[in-house]
Every structure is written in C-alpha cells, then in structure tokens.
Amino acid sequence: MADQDRLEIIRNNPIGGGLEAFLASFGSLCESKNIPCWEGALNQLKFQNITIDLLLALQHLRVSRLLLFTGKNLFSHLSSLNTAVDSEAFDYDRVKSLLRAVIAKEPDEKIWAQVYHALTESTPPSRPIASHLKQTPLSRNMGSLVNSSERRIDTDDVLKEDLGPMYVDIPGFYKAFFGRIPDLERASEAIFKMCREGSDPLFREREGWTGWPRDANETSVLSWLETIITRLMQWAQNDRQTPERGLWIESNKPLEGSTAKRKLDVGILRHPGAMTDWSQVLIPGELKSNPKEDRQTGAWFDIGKYVREVFFTQDTRRFVLAFTLCGSFMRVWEFDRLGGIASTQFDINKDGLQFVSMILGFLWMEEKDLGFDPTISTSNNVQYIDIIRDGTSERIVINGVVERVRCIAGRATTCWKAHPESDPSTTVVIKDSWQYPERDAEGELLREVTEKGIHNVARHYYHETIHIDGRVDNIQHGIRQGLDITQASNYQPQGWNTISTAGQKRSSSQAGAHLPSSKRHRSESPIKVDLARNGTLQDRVHRRVIVCDYGRNIYEASSRVALLTALEDCIEGHKSLHGVGILHRDISINNLLINEDKGNPSWPGFLIDLDLAIREQRDGASGAKGKTGTRAFMAIGVLRGHQHSFEHDLESFFWVLFWICIHYNGPDKKRVVPEFDKWNFVGMSELATLKRGTVADEEDFIEILTENCTPYYEPLIPWLNRLRRIVFDKQGVKETLYSRMQDVLREAQKDEKVLSNAASS
C-alpha cells in the first residue's frame, strides 16, 4: 500500500475515542500500583497483559481492516501478533514504542506508524510456507470415520492415534490446574487432619487408608472409593457451600451417548441426581488392580477412551481432567486438542494429603477450570455468545449443536445453529475449531471470499481468535499454563511418544507391539510430532467463525436431481475459489451442503470449511507434499503423497458421489458396507491401491458399483461411470475439467430414470 493511500485511510478513519477504554484500564492499573500514569510507568508494569489489551483495542478499530501490510489487513496481523505476545519468547522491545505513543496520545499517524514498526519487527523475511503448515500430514482420528460401524477391533487402533502424544510426570501440574482453587491447601490439611483423628481413623500414617483392599480388586476399590469420597463430599460441604457433585461407581453399566457402549469405572458427575449419560461426567476415572498397568497401552489408553466420550457429548468443553488409579498409584490427567499430559504418580496410601487435595479440587473447581468455555454463557437454559461486530455489540443465541467431531487431538470442529438476538428470523452458524496458529485464519479467507463475491461458498458474518481472561486461548499457555512437556519423564524430542511404562523407553523390538502385524506399517500416518520444524513446541489456538449460510449435508437431498444439482453448484464454488487462488483440500460429504428451503436465503448448494484451505502458489506447485483431507474421499495421488492440486479436489467430488450411491438408499437412509468400511482404517498406500483397483477398468467399475449401489441410486450408475472416464482417463485439457464434470451432471438431471420418483427395487 502506498504511503499516500495509507495516510488518506488513516485521516478518513480517525481513532477518536476508540482507545479510551484501554487508556482508562491502564490508568486504573497505574493507580492500583501507586505509580504516575504516563508512558514511563511501563518500566514498572508487566508488559504482557497491557500489550494484549492494546492489540485487541486496535483490532476493534474499523481502520485496522482497511490498512494493509504484506498483502493482508492489519486486523489479521494484529491477531497473529497477539498470539506471539502470549508466548514466553516474545521480545517486548518491539511494542514499547507503540505503547508509549498510545499512552502519550500521539497523533493517529504516529500511532499507526508504530503499529507497522511492531509488525515489521515481528515478521520474518518472506519465505515459502513450510510443507508441515501448508498441508498437515494426515493423522487418523475418530472424526474422520464416515459410514462406519465403529467396530472396536478397528476403532481402538485409530483411537491410539487420536489420543495424540501422552506425557507424564509433568513438573508443576498440580499448581497449574489446582492452584486457582481458593484456600485449597488450608482446607485439604484441615480435612486430612479429620481423617486421622479418633479411635478408628480413616487414615493411619504407617498403614494408609483404612479399608483399602490390599489386592486392589476393582469391585472392592470401588466400594472403598464410594465410602471415602462420600465422606470427603460431606466434609467439603461443611467447609464451604458449593454445588454438590455426584459419584459414578457402576463400572458394569454402559453410559448413554456412546456409539460403542463404553463403560466407565468411576467418575465425578455434575450433581448427585445426574442421569447415567456421558454428558453428565465432569471427571472420568480408570481403575486397574495392577500398578504395572500405569502405561500407554494400559490405563492411559483406557482413560483416553472415556475422555473422548466426554468431549463429544459436552459441546463447550475445551479440555477434560481425569484420573487413573493403578493399584494404589494415582495420576491426574489433562486432555486437550494436542493430546494428554499427567501429573507425577503418587501412592495414595503414603501421600494421603495429596489424595484428599485432589478429590476436594475436583469437587470445588469452577466450570471454567474444569475445561468449559466461559465465552459461551447460559441464562434461563439458553446458550449465547457476545461479539463485537463492526464496532457494535451483538448477542448471538445458540439454537443447538449441528456437528461436533468425535475426537480428542486435532481441530475438533464444533458447529452450532444460531441467530442474532435482535433478529430471530436470521439464521447463522457458529463454528469453533482448534487451529495451528501459523495457518491463515479461516475467518480471514472467508472474509476475502465474501468480499470478492465468490459464489457457492459459505459467506462470512464474523470471526475471532478466542480470548479468555485477556489471553489468547491456546493450548500451551491458555490451557496448560506454560507447563514444559520437555521435562516429562517420557519425553522424546526427536519423534513420537513410544513409551510403554513411565520412565522406561521401549526397545526397538517392542515398538508398535500393541498393533497387529498387518497394521504396523502406518508410518505414513503417525501421530504428529510435538516439535514444529523451527524447534518450538507444537500449539493449537481456539478460533471462532460465524457464517450466514446454512443447509443440510448433501446426502440428505430430497431427490436424485436435487443431489446432482447441489453437486454441480459445489463444483462451481470450488471453481470460483480456484479462480482467486484458493485451494479447498477437504472435499467430503460433510463439507458439501444443500439448501432446498425456499425461505432460506443461503446458496442452493455450497461449500463450507476452509480449515485446510491454502493460497495456491502461482510461481510453483499449488500445494505441498503430504496428505490432507478426509480419508474416504481423498484423491489417489494425495494418498500417495503427490502435490495437492485442484484436480485432486475434483477427484474427491467423484468419490463423494460414489460414496453416496453405495451408502445411502435415499435421503439420509444410510447404511454400513463392510467392504468399504475398511477405507476408514487401512493405511494410505493400501487405500490408494484399493481405489485404483476400483476405477482402473470400466467393466470392473460397473460391476463393483452394480453389486454395491443402493436401489435408490442405481439410475446414477452410467453417469458416475462417465464422470470416472473424465476424472481418471485424463482426456482433454486440465482447465476444462470443471466444465466437463458439470456438463455430465447437467445431462444426468434430464435422464428420465434419474427424474423418476420411484427407486429401483
């Protein structure tokens, strides 16, 4: 942007009183510290919170969306700078001049000049985006399964990857997650003293807890836990009046809300009368009678299965606390979208005070400290969020969950249908996800797409990076409070967490031993490493996007013609994105939507989810080596690690239609087909071979489709074969691939058999 243009924008959009709230807050802070309120006060105050407050205030100014820097507006750069400020490695010299200019109430031109200076100082020289950012190596998780039976023989192997890296014996764990509970240390000591009093005390110094079953039999331990925790609950209520919580100890009874009917050994519930449902579990627990089960393939894995159910059934959960008790050895766990970390192991019969403190902490923690999102409020059983959009406060009322990915580590996307409180007739969709901070924010891409008038792609309404207590809501600092996983007893800086027992490294002969021999070759889809290529710890940041287009999944189309029309529209949307240099990279049945409601102003057929989208490089390859997308719909070339191109996305459209024809016998009448269910589980190379074998020969393809297609979609078999020829026979010019595919879909819509309302029987 030319200097003259920049000055004109600044003069036409004055800051005015836009920073008064920040200045008032700064003044109050100085007053509380009894220091003069001027720029020199910065030398006596902590920079981090002040800087974050200022950057947020600058972002709220309309002019931040108009001023550009390195091709993007300042709003986007300020968001990235805010994330950087929240790290311990940030150099505050970069923003001191900006802070002084604002506090001294310098002219707007000088303030914005200092903003540019701060961005220049914190922006590294331009370089190609590293391949690990442009295209995340595919790591399977439970959310990637489609039309699956979720058989345990398969899903448990996937869950091992879905858990992410698991680290134990983290220094400072207790302080990070229990340190905010008021007066916990005093109360724990007082109640533990009560446990040791009387002629028949609950705890004896040399013997440990009275009644503890020495063989640690699960049934006996559950009975003991019920007695002890019930007593601690009573004493806890006498110490302070807090909401009563319940105890789950029915280990043989499956809880509702789980596809695989999982049973929970023990857990803390929302309240004593809570229903037997995963949505009521605050803190799950896992029991093992053998202390040697305190390992990755034992108790760690099992507690992860329970945490997954808690995450899925509680749509506002950011992280989950849990515990394992192997024999008398206890650990407390924290699971988030990077994986799991745990406290140092302790023996409850030797450290009774620590056990009491843990239980009291679980009973007294506020919901925010248990991992619930405080930016989503509830009043009279109605959920809502408050936002500032274009300088105006808005309340968005949540109607209900549309989609929540069933996973632990990963993006963990959650979508809610909602509406502005001031306009109930307008429907919007809120989407929360956990992104790598280095990626372009999806909201910025959607804003750009909307401003450029791109057709058939969900339109931008609002977006933000979530802040909690004035800090960016990320994993490493927002949730884990800066805990250093490199100090874990089982940390491995050069690769993946392949630990079987705390503090013991597995030999090469043991590596992968928990997998069947046929599944140990999955080096192409490992758990992501914890170190990014620049040597910093991997992180994820909590981002929120609101769009004003909504619909149903494409497989819910009311007719075959409606399905084909929506698919044609979605291809047009992809073509429009490609035209402005954006590659979607995750074409799947869940990212193609249809709108058949005449009263709904949304596109009739449109694309959603630009989480994995990238800006194509005009001076080289339009992607990077790697594997990105939803397994069942990924192009053969992508499965084999080829550079991701627009042709691969168009192949994914073919696989979407193929999948629907096999798995749906009409609008949303889905089924599981064992032959194709395994596409969710096999390795990348094997899946590429299976797909190539499906489409390589026309006669074989028609036979496979005829044998597996549902009666409802049989009329589409010849048209799907015509698409196969176009996509895989590589005839014609690449650039005409869009129009040739759309032509086939248009012709199919005129076919009398396709138009017929009656499905083949």
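Modeller: Leaving out neighbours within four places in sequence, Ser 588 is in contact (heavy atoms within 4.5 Å) with Thr 630, Phe 633 and Val 656. This is a predicted model, where local features need pLDDT of at least 70 and side-chain atom pairs count only at pLDDT 80 or more, while totals for chains, interfaces and linings use all residues. Residues are numbered from 1 along each chain as its sequence is written, and side-chain values use heavy atoms, with hydrogens and water left out.

Colleague: Where is Ser 588 found?

Modeller: Ser 588 is in the loop between β25 (582-583) and β26 (592-594). Strands here are DSSP runs of E, at least two residues, and helices are runs of H or I, at least four, numbered from the N terminus.

Colleague: Is Ser 588 buried or exposed?

Modeller: Buried, because its relative accessible area is 2%; buried means under 20%, exposed over 50%, and partly exposed in between (1.4 Å probe, protein chains only).

Colleague: Switching to Val 547, which strand is that in?

Modeller: Val 547 lies in β23, residues 541-547. Val 547 counts as buried because its relative accessibility is 11%.

Colleague: What does Val 547 touch, not counting residues up to four places away in sequence?

Modeller: On that count, Val 547 touches Val 428, Val 429, Leu 446, Ala 458, Arg 459 and Tyr 461.
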